[in-house]
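Work through the exercises below with the sequence and the model at hand. Each task is followed by a solution in steps.

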Amino acid sequence: MPPAKRAGPVLNRRAPIPVVVHSAPLVLPVCADPIRDGAVAFKGDRVVEVGTRASVTASFPAAEELRWTGMIVAGLVDARAAGSVSRLAAGPGVTARAGVVTELAEPAGVPGISYVEVTSASEEEWETRGRDAVITAIREVDRPCAVGIAAHTPDPQVLEDVAVLARTFGLRLLVDLDRHSPAALDEAGVLGPLCHVAVSRPLDPGERKLLRLRRTVVAVCASPAPDVLALLDEGNTVALGTGAGGTGGVLEVARGIRQHARELGLRTRGLDGRLVAAATMGGARALGMDRGKGRIGSLAPGTRADFAVFDARGRYPYTALLAQPPCLGTVIGGAVLPAA
């Protein structure tokens, strides 16, 4: 038997993806308690471990570490933004957004969902050119699972057809409650877990209950918003958005809500943490990106490596964050971006 030959080099073998560790005096995973002297380890675009700096660096002793001052926070989610604008205009710390666009060819900016705007004023206009234009855009887009429909039509028949179209293609829906009542949307078949609504006006108890029963996330897009505490206390899932023309970011919206609640003399214990959760996990829920591998809005093994770093310190981390400290940097899918 001839002697065994040594195997030659294996061609096209990819180098292993390194683990990278980001650490800071404070880490806010949002889905868990704050971690003092914490760290986040990720491989590629996925988080592999979140914990104290000592435990994470012990798990990955060869990993490159980037040490930040301040606090690392799960990436913020703007649940109702003006459009697919650049990251610089998305607000500090925002790593995903629901942007309303007129054409899907517009640049995506930060990740999230681009909602194609439907504005047909009548069923005839929709039948003539609206529906085909939307279907063509959806079929040709090169961003699967990142497309939705913003139902801004005033016609109830078009609303019904849009709801059917969204279910057929598995698309998410976004509706502004300044245009339609929850009852009208429910009658058209729009409400449900695949839909979230943007609101900048108070909702009465019946409207809040209907949205809760339909498991429809409420994206609050204005401050003051007098019934945010009622939404939270009654069990509605709340997200935050900057609205059609907002530029200040979701933390500014959260800060305005807290300030207004205090001016009204309302009970605000624990409100800061609930508002940060709305700006992160609530937004992820609105976009349907809160579950499974690659989920956003929190930091835990399996989530997408999205987070922001703020120059914030203090005994009460959520309160410090709502003071709108400077954003030192943003990480989206594991890629470090400079501060805006």
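**Exercise 1.** How many bridges join strand β2 to strand β3, and do the strands run parallel or antiparallel?

Solution. This is a predicted model, in which local features need pLDDT of at least 70, side-chain atom pairs count only at pLDDT 80 or more, and totals for chains, interfaces and linings use all residues. Residues are numbered from 1 along each chain as its sequence is written, and side-chain values use heavy atoms, with hydrogens and water left out.

Step 1. Find the strands: β2 covers residues 35-43 and β3 covers residues 46-52. Helices (H or I, at least four residues) and strands (E, at least two) are DSSP runs, numbered from the N terminus.

Step 2. The two strands are joined by 6 bridges and run antiparallel. Strands pair if DSSP finds at least two bridges between them.

Step 3. A41 stands opposite E49 in β3. The hairpin of β2 and β3 has 2 residues between the strands, and G44 takes a positive phi near 70 degrees there.

**Exercise 2.** Where is V30 placed, and is V30 buried or exposed?

Solution. Step 1. V30 sits in the loop between β1 (19-28) and β2.

Step 2. V30 has 12% relative accessibility and therefore counts as buried (buried means under 20% relative accessible area, exposed over 50%, partly exposed in between, with a 1.4 Å probe and protein chains only).

Step 3. Check the backbone: phi of V30 is near 75 degrees, a positive value in a residue other than glycine. Most residues other than glycine have a negative phi.

**Exercise 3.** Which residues does T280 touch, not counting residues up to four places away in sequence?

Solution. Step 1. T280 lies in helix α8. T280 has a relative accessible area of 0%, so T280 is buried.

Step 2. With contact meaning heavy atoms within 4.5 Å, T280 touches V30, A74, G75, L76, V77 and G297.

Step 3. The side chain of T280 also reaches the backbone oxygen of V276, at 2.8 Å.

**Exercise 4.** Where is the kink in α8 centred?

Solution. Step 1. Helix α8 spans 271-286, and G270 is in the loop between α7 (250-263) and α8.

Step 2. The kink is centred on A278 and is about 40 degrees. The bend at a residue is the angle between axes fitted to the seven residues ending there and the seven starting there.

Step 3. The buried residues of α8 include L275, V276, A278 and A279.

Step 4. After α8 comes G288, whose phi is positive, near 70 degrees.

Definitions and conventions:
A polar contact is a pair of N or O atoms within 3.5 Å; within protein, one must be able to donate a hydrogen and the other to accept it, and residues adjacent in sequence count only if both atoms are side-chain atoms.
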